[in-house]
Amino acid sequence: MITAHRGWSDPGTRRGALLSLLALTALLLSAGHAAAHNVTEGDAGYIQEIWGVNIIPFMYLGAKHMVTGYDHILFLLGVVFFLYRMKDVGIYVSLFALGHSSTMLLGVWFGWGVNAYVVDAIIGLSVVYKALDNLGAYQRWFGFQPNTKAATLIFGFFHGTGLATKILDYDIASEGLLANLLAFNIGVELGQIMALAVILIVMGYWRRSSNFFRQAYTANVVMMALGFILVGYQLTGLFVAA
């Protein structure tokens with residue numbers, strides 16, 4: 001956890017900060033035309049046309065959703081940013097997966113009607129929350145550290161609800177619904193493992209740099225800014241649609 005910002009005058013720190021900014025911005029723009037959790041038009045059409053149990057296609061759609069879901073990836077990046085032991089990574093990612101999976105499955109199965117803009121704004125706030133947590137803001141501001149495991153689980157619930165609201169926009173056939181949802185969820189978890197593997201490999205190399213902690217401050221500030229951008233985007237959509 002970062003508690004101070006030092007050495008900004010160091011050229012290595014500036015270069016590292018710039019690279020962090022470019023990498024995180026590219027991550028956001030890579031999904032440029034789509035909002036968080038969106039199902040593309042082609043995938044939506046496919047979902048509406050098929051009937052019965054389709055395990056492999058739904059696993060593919062779930063994995064695709066995760067690896068292209070920049071809000072998920074930003075949050076996961078924040079969660080594992082200062083986790084060095086694989087045991088800790090496994091615990092936190094499992095908590096996120098539990099929250100994400102349960103509300104996605106239950107939300108679609110029971111048809112929970114939640115405003116997509118509101119829940120996606122909360123998901124943007126989850127990125128802001130985790131970036132501030134990594135910066136040590138809560139200890140400085142309030143004198144205590146929120147339970148990071150509980151926060152990861154709770155925000156996982158919101159991430160899953162966000163996906164469920166989008167899936168409900170499409171009339172999925174009731175025939176084979178449960179099997180297809182379970183397959184979709186398995187695909188999401190497989191996609192999460194793939195995204196996490198890339199994050200951990202990159203973080204492993206980055207942490208070997210002597211400038212890591214100074215660059216990490218800027219990276220988390222950028223992450224927080226991107227979270228606010230996500231929030232603003234969703235709130236703008238909410239008011240325009242009203």
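I started with Arg208, which lies over the face of Tyr205, 4.9 Å from the ring centre. My cut-off for a charge over a ring: NZ of Lys or CZ of Arg within 6 Å of the ring centre and within 35 degrees of the ring normal. Arg207 does likewise over the face of Tyr84, at 4.4 Å from the ring centre.

Housekeeping: this is a predicted model, so I need pLDDT of at least 70 for local features and 80 or more for side-chain atom pairs, while totals for chains, interfaces and linings use all residues. I number residues from 1 along each chain as its sequence is written, and side-chain values use heavy atoms, leaving out hydrogens and water.

Next I searched the whole structure for aromatic pairs and got 14. Rings of Phe, Tyr and Trp (its six-membered ring) pair if their centres lie within 6.5 Å; planes under 30 degrees apart are stacked, over 60 edge-to-face, the rest tilted.

I looked up Phe81 and Trp206: centres 5.5 Å apart and planes at 80 degrees, so edge-to-face. The two sit 125 residues apart, Phe81 in the loop between helix H4 (70–80) and helix H5 (86–110), Trp206 in helix H9 (residues 177–207). Helices here are DSSP runs of H or I, at least four residues, numbered from the N terminus.

Phe212 and Phe213 also pair edge-to-face, with 5.2 Å centre to centre and 70 degrees between the planes.

Then I checked accessibility (buried is under 20% relative accessible area, exposed over 50%, partly exposed in between; 1.4 Å probe, protein chains only). Phe81 is buried at 1%, and Trp206 is buried at 17%. Phe212 is buried at 2%, whereas Phe213 is partly exposed at 49%.
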